[in-house]
Amino acid sequence: MQPPAPLRATRNRRLMWLLLAISAGFFGFGFALVPLYNTFCELTGLNGKTGGPVTAAALSGRPADTSRWVTVEFTSTVMPGLPGRFQPQYRRLRVHPGDIINAVYLAQNLSGQVLNSQAVMSVTPEIAARYFKKIDCFCFKHQALAPGMTRSMPLSFFVSPELPAEVHTITLSYAFFRVS
Amino acid sequence: MNPAIAHDEHHDQPPRGLARWLFTTNHKDIGLLYLIFGLTMFLVGGLLAMLIRVELFEPGLQILKPELYNQLITLHGLVMVFAALMPVTTGLANYLIPLMIGAPDMALPRLNNWGFWLLTPAALLLLAPFGLELMGIGNGPIDTGWTIYAPLSVQSGLGVDFAILAVLLLGASSLLSSINIIVTIFNMRTPGMRLMKMPIFVWSWLMTAFLLVAVFPVLVGGAAMLLADRHFGTSFFSAAGGGDPVLWQHLFWFFGHPEVYILLLPTAGILPHILSTFARKPIYGYRAQVYSYWAIGVLSVIVWAHHMFTSGMPLGAQLYFMYSTMAISIPVAVLFFCWIGTLWRGAITFETPMLFAIGYIVLFGLGGLTGLVLADAVADQQYHNTYFLVAHFHYTLFGGPIMGVIAAAYFYLPKITGRMYNERIGQWHFWLTMIGFNITFMSQFFVGLAGMPRRVPDYALQFADLNMMSSLGAFILGASQLLFVYNIVTTWRGTRDKVTDRVWEGAQGLEFTVSSPPPYHTFTEQPVVA
């Protein structure tokens with residue numbers, strides 16, 4: 001309906017501001033998706049995300065489940081543009097859920113310059129991701145390697161005893177990126 | 001229908017020359033600008049497609065380097081979606097909505113002018129890197145595919161920055177025009193026109209505008225993040241810095257899937273007008289169609305990840321996105337049945353707009369059915385990123401929206417110009433388009449089922465015959481659009497027969513109560529709707 005012109009102009013302007021506010025809200029929603037997405041992934045283990053470090057104390061009171069064996073496999077991918085070699089020391093470990101395990105990845109800088117790298121980790125199957133607890137990991141920070149240097153990078157973790165019974169094998173995959 | 005229309009020649013005539021078009025706030029002028037701009041970019045996008053099909057005519061690399069091929073497919077997608085189809089549907093809205101609801105103009109005319117003049121530089125920004133490359137700056141336009149997926153888009157050249165700026169401008173432009181359309185529809189209707197009595201095209205655009213206000217800002221946000229990743233050291237999409245490239249896919253498709261309906265709904269709304277005119281029957285199932293628009297609008301924002309089945313997703317999410325996607329076929333099927341119901345037992349004649357409208361139903365129907373195949377999370381693993389997908393979305397986007405806007409163009413051209421287009425050329429245009437289109441894309445269904453991947457400039461020898469066929473079809477399709485341009489230009493020049501105010505025997509609606517062509521200012525006195 002068309003009310004008299006001045007009244008109509010006011011109503012038009014009010015509705016316009018309302019709609020602009022809604023679209024600004026959705027603009028904000030786009031940015032809110034960034035933390036929402038990360039939280040969602042860490043809660044559900046989507047994309048194999050395991051969340052940040054935990055302390056060994058998180059295990060206290062829970063004895064290792066020695067009646068059960070879980071195989072943990074280690075793989076690595078070196079992304080293009082990273083002149084280095086990154087490999088697990090052992091491809092496969094058999095562990096009891098609840099045991100604190102120390103594993104090692106070996107890194108070698110093949111270039112003549114200082115190499116800064118960052119490892120990004122994911123766990124397969126996704127359902128196992130949230131039961132995989134890292135106490136310490138080289139992936140928590142950038143790793144700098146002097147030219148030609150070889151180094152072993154430690155990883156300390158445990159598999160939560162609550163891991164669903166149907167999971168027998170967990171694969172850790174590290175992708176190594178160059179960081180400038 | 002409406003006796004109270006005054007055909008008064010208004011006191012002020014438009015200014016002459018360039019100033020008229022630069023500073024105009026008249027909804028018909030702005031509508032025409034959008035339509036002409038959209039048609040021009042449709043030809044540009046079509047030319048890019050012709051180059052692609054020439055390259056794919058034979059296996060091996062003939063005329064294009066792979067880098068240029070990537071740029072052409074990317075620009076073809078971006079130009080067709082953002083610079084051709086969206087402007088044309090917006091142009092139809094600007095021209096028709098005030099006429100259909102009996103308003104003297106859009107509610108916010110200056111905003112309307114801005115909306116259009118932000119669009120033109122955006123399209124130029126997409127294409128400009130071609131020129132810069134010739135001058136030795138950068139390595140050409142955006143080459144990531146129209147989906148601009150990270151991490152490629154984070155690493156790729158100068159063209160991506162231009163595309164990001166274009167997206168920001170396009171966002172502002174379409175936001176302004178959608179807000180304007182919503183305000184116009186809510187506040188400017190003539191007395192007696194309640195919401196559920198609005199012409200159905202107006203309803204379809206109301207839903208489209210709501211979708212645009214909701215989802216385009218999300219793409220703009222994503223584009224801003226991409227720009228920050230490329231230049232300001234953030235890591236929204238870079239895994240090395242703690243981001244995630246898949247996040248871009250979510251942001252893009254949260255916009256991208258509703259975008260399909262943003263393109264589709266306006267033409268789904270114009271279709272019942274055309275069908276009812278040439279079947280000489282009222283629109284069947286008006287309410288059902290309006291409710292379907294709402295259902296489609298709501299469902300479209302919760303199904304986006306079916307574009308990402310092969311990006312990796314837990315089983316539960318795959319099932320959810322599969323079933324919710326398939327649920328959309330229900331309101332869409334309601335639309336189809338209403339369209340067929342409108343035709344049922346009508347006194348049908350087959351003028352060019354009617355032919356294109358029926359072509360729409362057939363082709364979009366095929367697009368919808370093959371969409372159901374792709375919505376199956378299991379089958380999609382096989383068909384995703386093959387030519388089956390390419391054929392599917394061309395059946396939905398050309399078969400639906402483009403057939404629809406061509407139908408609308410023929411339907412309203414006599415109204416806009418006051419002259420009748422050449423019917424014989426129109427019929428030729430339809431049949432050549434229909435034959436050319438089906439040869440082009442039916443071949444691609446088969447070549448896709450056989451396993452040919454998309455976005456690759458070369459292919460295995462086994463795909464040679466079907467690709468040659470597809471290219472030949474594309475040349476027919478491309479050339480036949482020149483008939484369309486010829487028909488429009490000659491009608492515009494006014495060499496053809498004059499038409500009545502009503503134009504078509506069965507035409508209904510306020511837009512057919514004003515003279516043909518409509519005076520510069522219409523409905524300065526409100527028409528009364530019973």
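**View 1. Strands E6(A) and E8(A) pair side by side.** Strand E8 (residues 150–159) of chain A runs antiparallel to E6(A), and five bridges join them. Strands pair here if DSSP finds at least two bridges between them. Helices (H or I, at least four residues) and strands (E, at least two) are DSSP runs, numbered from the N terminus. One bridge links Phe132(A) to Val159(A) in E8(A). This is a predicted model, in which local features need pLDDT of at least 70 and side-chain atom pairs count only at pLDDT 80 or more, while totals for chains, interfaces and linings use all residues. Residues are numbered from 1 along each chain as its sequence is written, and chains are lettered from A and ligands numbered from 1 in the order in which they are written.

**View 2. Four strands of chain A form an open sheet.** The order is E2-E4-E8-E6, with antiparallel pairing. Strand E2 (84–88) and strand E6 (132–137) of chain A stand at the edges. Each has a single partner strand, so one side of each lacks a neighbour in the sheet. On average, neighbouring strands are turned by 25° against each other, direction ignored.

**View 3. Chain A has two domains.** Domain 1 covers 5–44 and domain 2 covers 52–178. The bounds come from an automatic or database domain assignment. The domain centres, taken over C-alpha atoms, are 41 Å apart.

**View 4. Helix H1(A) crosses helix H7(B).** The axes of H1 (residues 5–44) of chain A and H7 (residues 200–231) of chain B come within 7 Å and cross at roughly 45°. Axes are lines fitted to C-alpha atoms, for helices over the stretch in contact, and angles run from 0 to 180 degrees between N-to-C directions. H1(A) is therefore oblique to H7(B) (under 35 degrees is roughly parallel, over 145 roughly antiparallel, 65 to 115 roughly perpendicular, the rest oblique). Contact residues include Phe26(A) and Phe27(A) of H1(A), and Val213(B) and Pro217(B) of H7(B). Contact means that C-beta atoms, placed from the backbone, lie within 7 Å. By class, this contact has eleven nonpolar, four polar and no charged residues. Ala, Val, Leu, Ile, Met, Phe, Trp, Tyr, Cys and Pro count as nonpolar, Asp, Glu, Lys and Arg as charged, and the others, Gly among them, as polar.

**View 5. Chain A touches chain B.** In this view, 27 residues of chain A contact 29 residues of chain B. H1(A) gives the largest share of the chain A side, 17 residues.

Methods: Contact = placed C-beta atoms within 7 Å.
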